[in-house]
Amino acid sequence: MVLVKAFGRNRSGKRGGAPYSPQLGTVADLAAFAGNVLATLTWGSVSGAVSFQVQYKLTSEPTIWTDFGSPVAAPATGASVTGLTNSSGYDFRVIASNGADTTTSNTASATPTTPGAGMVV
């Protein structure tokens, strides 16, 4: 029996232990738009990203972030967070990953509201 151990190339191009992961760009320009029991998020494209994890928290909670669903595959530049409570303020952030590194976006806020005059549903 022959055992073969595969190695990738590290960032310097030399053979090494971990496979090479491309440089991960920054998640920028996160924006949140309120809807009825939801918020729609948009962000700029991120070079080197493989997936994005959307997180949210009540604005009144200082550090308790919750993952929303499973990570979204790149090259996504937006997502909708559903199941929110109208009239409650929420903060959102997006964490990009390339499998080796992560970067976190700015924080964006939105307060979902009940549809009314002038609101697009």
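This is a predicted model: local features need pLDDT of at least 70, side-chain atom pairs count only at pLDDT 80 or more; totals for chains, interfaces and linings use all residues.
Where is S87 placed in the chain? I started my notebook there, and I found S87 in the loop between β6 and β7 (90–97).

**Entry on S87.** I looked up the backbone angle next. Phi of S87 is near 70 degrees, and that is a positive value in a residue other than glycine. I kept a reminder beside it: most residues other than glycine have a negative phi. Is S87 buried or exposed? S87 counts as exposed, because its relative accessibility is 62% and the cut-off for exposed is over 50%.

**Entry on D29.** Here I had another positive phi to write down, near 60 degrees, again in a residue other than glycine. D29 sits in the segment before β1 (31–34). I checked its surface too: the relative accessible area of D29 is 63%, so I logged D29 as exposed.

**Entry on P75.** Which peptide bond is cis? I noted the one from A74 to P75, with omega near 15 degrees. My reminder for this page is that most peptide bonds are trans. As for the place, P75 lies in the loop between β5 (72–73) and β6 (78–82).

**Entry on G116.** I went on to the segment after β9 (108–110), where G116 is found. At 41% relative accessibility I put G116 down as partly exposed, since that value falls between the 20% and 50% cut-offs. How far apart are G116 and N36 in space? From C-alpha to C-alpha I have 9.7 Å, while in sequence G116 and N36 are 80 residues apart.

Conventions: Residues are numbered from 1 along each chain as its sequence is written. Side-chain values use heavy atoms; hydrogens and water are left out. Helices (H or I, at least four residues) and strands (E, at least two) are DSSP runs, numbered from the N terminus. Buried means under 20% relative accessible area, exposed over 50%, partly exposed in between (1.4 Å probe, protein chains only).
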